[in-house]
Amino acid sequence: MSLIEINDLKVHYPIRGGFWNRIVDNVKAVDGVTFNIEAGETYGLVGESGSGKSTTAKAIIGLEKATSGTVMYKGKDVTKGENRRKLDYNHDVQMIFQDSLSSLNPRKRIEDVIAEPLRNFEHLDKEEEKLRVLQLLDIVGLDADALYKYPHQFSGGQRQRIGVARAVATHPKLIIADEPVSALDLSVQAQVLNFMKKIQRQFGISYLFISHDLGVVRHMCKNIAIMTRGRIVEVGTRDDIYNNPMHIYTKRLLAAIPETNVNHREEHRKHRLEIEKIYQEQQATYYDKDGMAFPLVKVSPTHSVALPPHLAKEFEQQSENEGVNV
Amino acid sequence: MKRDIEDVTSISAADLEKLSKEAAAEATPSRAKIMWGEFKADKPAMASLFILIFFILFVIVASMFINTPKMMETNLMGYYAKPFTPEYWLGADSGGRSIAKELIVGSRNSISIAIGLTIISSTFGICWGLISGYYGGMVDLAMQRVYDFMMIIPMLMTIIVIVTIIPHYNAITLTLILSIFYWMGTSRLIRSRTLAESQKDYVAASKTSGTGNLKIIFREIMPNISSLIIVDTTLSFAENIGVETGLSFLGFGLPMGTPSLGTLIANANDPENITGYWWTWFPAALEIIVLCLSISYIGQVMRRATNAAQRRGKQQD
Ligand SMILES: Nc1ncnc2c1ncn2[C@@H]1O[C@H](COP(=O)(O)OP(=O)(O)OP(=O)(O)O)[C@@H](O)[C@H]1O
Ligand SMILES: [Mg+2]
């Protein structure tokens, strides 16, 4: 059984308007997202800005009310507040926020920031608590003198580590990392990422790793979902996504990764332009008349793609002929 | 499979004391220290602070030695006595009552009412605004309708009517009556900041850390709007001195025979007093001006102290 199962999750924001302030339309920030996260793995969720990644994360952790769909954890639907409370859900599931500065209360000392989940979930005495905070600071590579400082006295990378220390304080089983390194420069990115991997090995944490950077995701994740306009367009293993992308949106995202090898630059540029051309031509066929992605079709046991109906039919016939049990 | 924190860090209980000491040495100064440093850097504000504290203490202590009913008796001998005489330091009014004594007791009454009114109305307004802004939705909608209702009531007229209808009232009931009408400005201000503050990620982080709503409101959000609260409260205090004074000036404040700054200034209603007997109203007017100026200086310093970018005090961190 998976650690957590997200099933047809939808989050719609009402747009109010008109004379009676009625609901005239919905922003479909998340519109039918399904995936499972296994214990100990890092699951990547990739998409451009505004595709609904943060909203998905917030709905999973319970910060945003799900319009419909379920998030199953230990056999209970944790989109319901009472189930979250019964399971002590936030003891097990924590979040690292996109914006490290705004996620740390500017009025609180680092000791109080990191101790907050400890105070709520593990009732330690004062000495034990301070010791735990010092140990956590040590784990994330900060000195003890950080204890009584305020968040604004740290650099972006250090703040992100404080966010990580808070997230791991209660030994969670799953950490939702919402673009934990997007605001950092490359060398600090590598530091924080390697550090996240290290604590994953040590504590056996699962991550839902959200990013718009496919290079970073490749480094971190075994399974990846590509999201656009509130829907998932392609799910697969790292190998499926990087070596055999099938949705034009995925192809375009991959082509946009900057090429670091100078010798291949020109080649890479041509490839990118080609993909862009195909994208412009075929865009209409890959989305339905409302601009939404089609339902996912299994193309291999690990790989699903939101193919347009005519391609989807082809695939179904093909698999029937071959008798592949997918 | 899951290992414990102890396995990956070398820090153990033995290091606790040493490390806490190290941390304490590097600690950022406390808020009170920063505020004191800020006062030291601003001489006029320091002077204002001393004037205000000294004055309030003086007025409270001195008024204990004054027998008010006796003081308010008419004394024909002192009819408009001139100031700066041994018996009447600040002269006397038409009833031969000592202005100096009236000023002390009146200041005590006016300031006490202003302090009480500020504490009650600001506390209520802050709570109202915080809760309304934090919960949003239906709670906010309902609470804002109450606010709107209070706003459309003609305040001054209602207070005057209530004061006229109630047969017996004193300083405490008057403070309570006024408090009903003076929390809305604060609540609106606090609500709008709370709305913005609630959207920040640290509130979300507190929720996912398992902190309850009330604790988030008062322990997480409130400290972040403390500069707004401090400035608003000091300004309200200055304003509230004016509220009771104004009512008493109009004759609807404290009951007859209870001196206040307002009744003293009301002496200026008589044109003869304005020119001929200036000592009957001038000291009270001057006092109000000095008080309000001092409070506004202090408010400015407090605002600077709560905002790191504006500080003038020695940088200690
Ligand atoms: N409270 C809200 N009310 C209405 N619409 C919202 C709200 N929050 C988010 N949205 C909309 O939902 C969509 C998804 O937002 P979301 O924050 O999940 O994007 P994202 O994928 O995290 O983007 P980014 O990479 O920039 O963080 C956006 O189009 C946004 O405008
Ligand atoms: Mg986001």
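**Figure 1. Contact between chain B and chain A in the predicted model.** In all, 42 residues of chain B are in contact (heavy atoms within 4.5 Å) with 40 residues of chain A. The buried area, defined as the accessible area (1.4 Å probe) that two parts lose on being put together, summed over both, is about 3,600 Å² between chain B and chain A, and carbon and sulfur atoms give 57% of this area. This is a predicted model, in which local features need pLDDT of at least 70 and side-chain atom pairs count only at pLDDT 80 or more, whereas totals for chains, interfaces and linings use all residues. Residues are numbered from 1 along each chain as its sequence is written, chains are lettered from A and ligands numbered from 1 in the order in which they are written, and side-chain values use heavy atoms, with hydrogens and water left out.

Figure 2. A:Lys108 forms a salt bridge with B:Glu220, and their closest N and O atoms are 2.7 Å apart. Between chain B and chain A, 11 residue pairs (both at pLDDT 80 or more) are in polar contact; a polar contact is a pair of N or O atoms within 3.5 Å, where within protein one must be able to donate a hydrogen and the other to accept it, and residues adjacent in sequence count only if both atoms are side-chain atoms.

**Figure 3. Helices on the side of chain B that touches chain A.** Helix 1 (16-25), helix 10 (201-208) and helix 11 (213-224) of chain B each supply at least two residues of this side; helices (H or I, at least four residues) and strands (E, at least two) are DSSP runs, numbered from the N terminus. Helix 10 of chain B gives the most, with 7 residues.

**Figure 4. Open sheet of chain A.** In chain A, 4 strands form an open sheet in the order 2-1-4-5 with antiparallel pairing, where two strands pair if DSSP finds at least two bridges between them. The edge strands of chain A, strand 2 (22-37) and strand 5 (76-77), each pair on one side only. Strand 1 and strand 4 of chain A pair in the antiparallel sense over 5 bridges, and A:Glu5 stands opposite A:Met72 in strand 4.

**Figure 5. Hairpin of strand 4 and strand 5 of chain A.** Strand 4 (residues 68-73) of chain A pairs with strand 5 of chain A over 2 bridges. The bridge partner of A:Met72 in strand 5 is A:Asp77. The hairpin has 2 residues between its strands, and A:Lys74 in the turn has a positive phi of about 50°.

Methods: Salt bridge = Lys/Arg side-chain N within 4 Å of Asp/Glu carboxyl O.
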